[in-house]
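Please keep the sequence and the 3D view open as you read.

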Amino acid sequence: MPSKPKPSHKIQTGPAQNAKDEHIPDGLAHVYRELEHTAKIGYWEWDANNDTLISCSTGFAEIFNMTVEQVMKNIQTFEDDLKYVHPDDRDFYINSVNSFREQSQIDVQYRIITTDGKVKYVHERGIRFINKNGKAMGA
């Protein structure tokens, strides 16, 4: 059996930047976006209690060949997220996410299909955490 190609993109889940870079100190937002673009990484913040996407980084959106605004419109729920997971990887991804909900961490490789039809391998890693309001957050 051939080995899986190394992922071409990484998705880091956890506390995320929104379109206004609220979580990044002044002056560092541009540097962070450049690093994220160069390394082909991104991250998002997910409300686990309500199954909704709260925010994502520009790098995360670029992995899907979208803008932050397009991601926020098109990937609002887990069902929306699944639409971009390669059909052959969906069951594996669903099982991984279900395990994540029980174990509070995820480290999974799978394929996505971008808006232009390109197949990409991604490596998603993340942790679930409780925010300052006591809500479970993560991917």
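Which residue takes a positive phi in the hairpin of E2 and E3? Asp51 does, near 55°, in a hairpin with four residues between the strands.

A word on the ground rules. This is a predicted model, in which local features need pLDDT of at least 70 and side-chain atom pairs count only at pLDDT 80 or more, while totals for chains, interfaces and linings use all residues. Residues are numbered from 1 along each chain as its sequence is written, and side-chain values use heavy atoms, leaving out hydrogens and water. Helices (H or I, at least four residues) and strands (E, at least two) are DSSP runs, numbered from the N terminus.

Strand E2 (residues 41–47) and strand E3 (residues 52–56) pair in the antiparallel sense over four bridges; pairing takes at least two DSSP bridges between the strands. Glu45 stands opposite Ser55 in E3. Six of the seven residues of E2 are buried, so the strand is largely enclosed by the rest of the structure. Buried means under 20% relative accessible area, exposed over 50%, and partly exposed in between (1.4 Å probe, protein chains only).

| Pair | Geometry | Centre to centre | Between planes |
|---|---|---|---|
| Phe64 and Tyr84 | edge-to-face | 5.9 Å | 85° |
| Phe78 and Tyr93 | stacked | 6.0 Å | 15° |

Rings of Phe, Tyr and Trp (its six-membered ring) pair if their centres lie within 6.5 Å; planes under 30 degrees apart count as stacked, over 60 as edge-to-face and the rest as tilted. Phe78 lies in helix H4 and Tyr93 in helix H5, so their pair ties together parts 15 residues apart in sequence. Phe64 and Tyr84 are both buried.
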